[in-house]
Amino acid sequence: MRPAPALRSAAVPLLTGALTLGCLTAWTVTGNAGTPPQLHVTDGRILTASNTEATAAFFTISNTGTTADELTGVTGPAGLQAMVGRDVEVAEGAHRMEMAGPVTVPARGELRMAPTGLDIMVSPPPHLAPGDRLTLTLHFRNSTPVTAQAVAVRPGQLRP
């Protein structure tokens, strides 16, 4: 007895779907489907004020997930404005700060902020002595905000 024509025509798509589902299941079970970003913010530092306009804070953002994320903004205590900025050379020996758009935190990698690169500009600069702490909240495109503390250090010194 031969299978009905409708059953025969349905067999190929059904087998293809079952094979695809099996392969996707195996891919996921072996960990290849990816994990969401898993962010950790450490090494927070903020420079004690050397002027009345602004100061800079720095963090290391590690991502142990297999999916990248983006740092999209920063908030600070009431009365302070915080923004992600980038140090840009405008002439030899002359630099200025400019706003940075969203910044990628790579999958299985890290984003290190530094005085001559990416940082968080805080304005007006809070009155901090070395060792004091300032709490900032970092906002990401795909992850929940992360609140971290930055320890005040003197300019030119990244450790308290």
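Strand β1 (residues 39–47) and strand β2 run antiparallel and are joined by 6 bridges. Strands here, like helices, are DSSP runs numbered from the N terminus (E, at least two residues, for strands; H or I, at least four, for helices). Two strands count as paired if DSSP finds at least two bridges between them. Leucine 39 has asparagine 63 in β2 as its bridge partner. β1 is also joined to β10, here by 3 bridges and in the parallel sense. In that pairing, arginine 45 stands opposite valine 151 of β10.

The model is predicted; local features need pLDDT of at least 70, side-chain atom pairs count only at pLDDT 80 or more, and totals for chains, interfaces and linings use all residues. Residues are numbered from 1 along each chain as its sequence is written, and side-chain values use heavy atoms, with hydrogens and water left out. The mean pLDDT (the predictor's confidence in each residue, from 0 to 100) of the protein is 87. A value of 70 or more is reached by 85% of the residues. Confidence is lowest in helix α1 (residues 5–29), with a mean of 69. It is highest in strand β9 (residues 133–140), at 98.

The secondary structure comprises 1 helix and 10 strands. Along the sequence the pattern reads α-β-β-β-β-β-β-β-β-β-β. The protein has 160 residues, and 33% of them count as buried. Buried means under 20% relative accessible area, exposed means over 50%, and partly exposed lies in between (1.4 Å probe, protein chains only).

Strand β4 (residues 81–91) pairs with two strands, β8 and β5. With β8 (residues 118–123), the pairing is antiparallel over 6 bridges. Methionine 83 stands opposite methionine 121 in β8. With β5 (residues 94–99), the pairing is again antiparallel, over 6 bridges. Valine 88 has arginine 96 of β5 as its bridge partner. β4 and β5 form a hairpin with 2 residues between them. Glycine 93, in the turn, has a positive phi of about 80°. In a regular strand, side chains alternate between the two faces of the sheet.

Aspartate 43 has a phi near 55°, a positive value in a residue other than glycine. Aspartate 43 lies in strand β1. Its relative accessible area is 36%, so aspartate 43 is partly exposed. Arginine 108 also has a positive phi, near 50°, and is likewise a residue other than glycine. Arginine 108 sits in the loop between β6 (103–105) and β7 (109–112). At a relative accessible area of 64%, arginine 108 is exposed. Serine 123 and proline 124 are joined by a cis peptide bond, with omega about -15°. Proline 124 belongs to the loop between β8 and β9.

A search of the whole structure finds 2 salt bridges. The criterion is a side-chain nitrogen of Lys or Arg within 4 Å of a carboxyl oxygen of Asp or Glu. Side chains of opposite charge can pair when their charged atoms come close. Glutamate 70 forms a salt bridge with arginine 141, and their closest N and O atoms are 2.5 Å apart. Glutamate 70 lies in strand β3 (residues 69–75) and arginine 141 in the loop between β9 and β10 (146–153), so the pair ties together parts that are 71 residues apart in sequence. Glutamate 70 is partly exposed, at 23% relative accessible area. Glutamate 110 and arginine 112 meet in a salt bridge through their side chains, at 2.6 Å from N to O. Glutamate 110 is partly exposed at 38% relative accessibility, whereas arginine 112 is exposed at 55%.

A pocket is an open set of points where a 1.4 Å probe fits, with protein on both sides within 12 Å along at least five of seven lines. Lining residues have an atom within 4 Å of a point. The largest pocket holds about 280 Å³ of space. Volume here is the space filled by probe spheres set on the points, which are joined across faces, edges and corners. The lining consists of 14 residues, of which Asn51, Ala54, Thr55, Ala56 and Met97 lie nearest the centre of the pocket. β2 (55–63) and β8 each supply at least two lining residues. β2 gives the most, with 3 residues. The lining divides into 8 nonpolar, 4 polar and 2 charged residues. Ala, Val, Leu, Ile, Met, Phe, Trp, Tyr, Cys and Pro count as nonpolar, Asp, Glu, Lys and Arg as charged, and the others, Gly among them, as polar.

Technical notes:
1 Å grid on protein atoms, 1.4 Å probe; cavity = no way out; pocket = protein on both sides within 12 Å on 5 of 7 lines; lining within 4 Å.
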